[in-house]
Amino acid sequence: MLVPVRCFTCGTLVADKYSEYVSRVKSGEDPAKIMDSLGINRYCCRRIFVSTVETIDQVIPYYEALRRRMSEIQSEID
Amino acid sequence: MVQAPSLDVVSKTNDRIVLRFNNVPRQYVNAIRRISISEVPTLAIDDVVMMENSSVMHDEAIAHRLGLIPLRTDLNRFVLPQDCDCNNSLGCSKCRVLLILDSEANDKTKLVTSGELVSEDDVVKPVSSDIPIIILAPSQKLKFEAYARLGLGSIHAKWQPTTCSIVTDGTEQNQSILTVETTGALTAEETIDAAIQRLNSKVKTFTDTVASLQVP
């Protein structure tokens, strides 16, 4: 659902660098160069960055909409 | 002819050390490597008491993420729970550290990171404050108490101080190169130091046991 905290294979901490990676990829940088600059050298850790899909981002909007609807109903009752 | 064993440090940073062993048996170098992986203790979150969790992730999934967060460890101040004399299932200040988190998203979606964990100890803290724990949607809440304990990598990988540790051939004969990388819970130097101490005590126990054996 969220980024894995550590690399599955070697155990290096990867989660703290993921948000920087995502924002730099979005700004058009080369993913390989970003990973080099973040100190992610082994291919086991690099595949975590390349292959992670944060499905929590697809679930959260449902709860945001639910909350919005709840407050609409509340204001209609008031 | 047996040449004198020697050791030099090729490179050293906080989380990575490269040592070159000359004329040291490969088995001895490998023993140091194996002990640094599985028998040097570190602190990791082991017990989580969930007070409130209305997030999209299950209690167990969050607890698993918490366990994997590397915590800075001071080996001199803590003992393994089974070696502690407190006889308390919750532990005492020598064998556990309490970390708490209380977070709520009010009007906006919020990312909860390891920086929000409050530790009762000044040293024992997550090595990075940017590790995402959960994303909370508006009005969701997460509140828990977590107990960190010392443990061994042979029990669970979350207690492993090392990430990548390897022994390779050197350029000359009878040369071994030991590379140890750590998660940040211990520095590479502390890990090697603790591993060598552990190896020495194992060798001593073995020698004493052999010496005490009675030959019928």
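This is a predicted model: local features need pLDDT of at least 70, side-chain atom pairs count only at pLDDT 80 or more; totals for chains, interfaces and linings use all residues.
**Notebook: cores and the A–B interface**

I started with the largest nonpolar core, which has 36 residues, and B:I133 and B:I134 have the most contacts inside it.

The largest share is five residues, from β8(B).

Then I picked B:I134 and skipped its neighbours within four places in sequence. From chain A, it is in contact with A:L2 and A:I56. Its contacts in chain B include B:M57, B:I62, B:V112 and B:L142.

On to the interface. I got 30 residues of chain B in contact with 20 residues of chain A. The two chains bury about 1,900 Å² between them, and 65% of that is on carbon and sulfur atoms. Which three residues supply more than any others of the area that chain B buries against chain A? They are B:V56, B:R65 and B:I135, with 26%.

I checked for charged pairs too, and the rule finds two salt bridges across the interface. In one of them, the side chains of B:D107 and A:R67 meet at 3.6 Å, N to O. I also noted five residue pairs in polar contact between the chains.

Last entry: on the side of chain B that touches chain A, β7(B) gives the most, five residues. That side divides into 16 nonpolar, nine polar and five charged residues.

Conventions:
Residues are numbered from 1 along each chain as its sequence is written. Chains are lettered from A and ligands numbered from 1 in the order in which they are written. Side-chain values use heavy atoms; hydrogens and water are left out. Contact means heavy atoms within 4.5 Å. Buried area is the accessible area (1.4 Å probe) that two parts lose on being put together, summed over both. A salt bridge is a side-chain nitrogen of Lys or Arg within 4 Å of a carboxyl oxygen of Asp or Glu. A polar contact is a pair of N or O atoms within 3.5 Å; within protein, one must be able to donate a hydrogen and the other to accept it, and residues adjacent in sequence count only if both atoms are side-chain atoms. Helices (H or I, at least four residues) and strands (E, at least two) are DSSP runs, numbered from the N terminus. Ala, Val, Leu, Ile, Met, Phe, Trp, Tyr, Cys and Pro count as nonpolar, Asp, Glu, Lys and Arg as charged, and the others, Gly among them, as polar. A nonpolar core is a set of buried Ala, Val, Leu, Ile, Met, Phe, Trp, Tyr and Cys residues joined through side-chain atoms within 4.5 Å. Buried means under 20% relative accessible area, exposed over 50%, partly exposed in between (1.4 Å probe, protein chains only).
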